[in-house]
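Welcome to a short tour of a protein model.

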Amino acid sequence: MSSGIKHWRQQRITSILLIPLTVWFLIFMSINVGEDYVVVKSALEQPLNIIMMSLFIVATLLHLQQGLQVIIEDYFYKKTFLVLNNVFCGFLMIVGLFSLFKLAVFG
């Protein structure tokens, strides 16, 4: 399988995964908007919510990385930008998952 087909397929998979994850995220946020820190923390400590939030973060950032890669390849195509895209999206994923883990485990 060529890398172009693999990339296209991965981008479609993340798109499809983001539909129910975004619906869940919007419902979760609408329920918890304006709540105290302790209430939101206790909601995120529930296994389903932390799994869904983790999946939302990972799928969103993978989709972002793939979309930015297409833009860079089509309009700029500099290897430096591709590397920076991977580093930036990887950094955001690590920070997002670490923050979520820290919030759920340590408060």
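Before we begin, one definition: a helix here is a DSSP run of H or I that is at least four residues long, and helices are numbered from the N terminus. Please also keep in mind that this is a predicted model.

**Following the helix α1**

Let us start with α1, which covers residues 3–32. How far apart are the end C-alpha atoms of α1? They are 41 Å apart, and this agrees with the 44 Å that its 30 residues should span at 1.5 Å a residue. Along the way, α1 bends by about 30° at Leu 18. A proline, Pro 20, follows that bend within four residues. After α1 comes Gly 34, whose phi is positive, near 85°.

Which residues of α1 are buried? They are His 7, Gln 11, Thr 14, Leu 18, Leu 21, Trp 24, Phe 28 and Asn 32. An α-helix has 3.6 residues a turn, so residues three or four places apart point the same way. Among the elements that cover the buried residues of α1 are α2, residues 37–44, and α3, residues 47–76.

**A closer look at Thr 14**

Thr 14 sits in α1. Is Thr 14 buried or exposed? Its relative accessible area is 7%, so Thr 14 counts as buried, the cut-off being under 20%. The side chain of Thr 14 makes a polar contact of 2.8 Å with the side chain of His 63. Setting aside neighbours within four places in sequence, Thr 14 touches Ala 59, Leu 62, His 63 and Gln 66.

**The nonpolar core**

Now turn to the largest nonpolar core, which has 15 residues. The members that touch the most other members are Leu 21, Trp 24, Phe 28, Leu 44, Met 53, Ile 57 and Leu 100. The most comes from α3, which gives six residues.

Beyond its neighbours within four places in sequence, Leu 44 is in contact with Phe 28, Asn 49, Ile 50, Met 53, Leu 100, Leu 103 and Ala 104.

**Aromatic pairs**

The model has four aromatic pairs, and two of them are set out here.

| Pair | Arrangement | Centre to centre | Angle between planes |
|---|---|---|---|
| Phe 25 and Phe 56 | stacked | 4.4 Å | 10° |
| Phe 76 and Phe 81 | edge-to-face | 5.8 Å | 85° |

Phe 25 has a relative accessibility of 23%, so Phe 25 counts as partly exposed. Phe 56, at 13% relative accessibility, counts as buried.

Phe 81 lies in helix α4. Leaving aside neighbours within four places in sequence, Phe 81 is in contact with Ile 72 and Phe 76. For a sense of distance, Phe 81 and Ile 13 are 68 residues apart in sequence and 24 Å apart in space, C-alpha to C-alpha.

How values were computed:
Residues are numbered from 1 along each chain as its sequence is written. This is a predicted model: local features need pLDDT of at least 70, side-chain atom pairs count only at pLDDT 80 or more; totals for chains, interfaces and linings use all residues. Side-chain values use heavy atoms; hydrogens and water are left out. Helices (H or I, at least four residues) and strands (E, at least two) are DSSP runs, numbered from the N terminus. Buried means under 20% relative accessible area, exposed over 50%, partly exposed in between (1.4 Å probe, protein chains only). A polar contact is a pair of N or O atoms within 3.5 Å; within protein, one must be able to donate a hydrogen and the other to accept it, and residues adjacent in sequence count only if both atoms are side-chain atoms. Contact means heavy atoms within 4.5 Å. The expected span of a helix is 1.5 Å times one less than its number of residues. The bend at a residue is the angle between axes fitted to the seven residues ending there and the seven starting there. A nonpolar core is a set of buried Ala, Val, Leu, Ile, Met, Phe, Trp, Tyr and Cys residues joined through side-chain atoms within 4.5 Å. Rings of Phe, Tyr and Trp (its six-membered ring) pair if their centres lie within 6.5 Å; planes under 30 degrees apart count as stacked, over 60 as edge-to-face and the rest as tilted.
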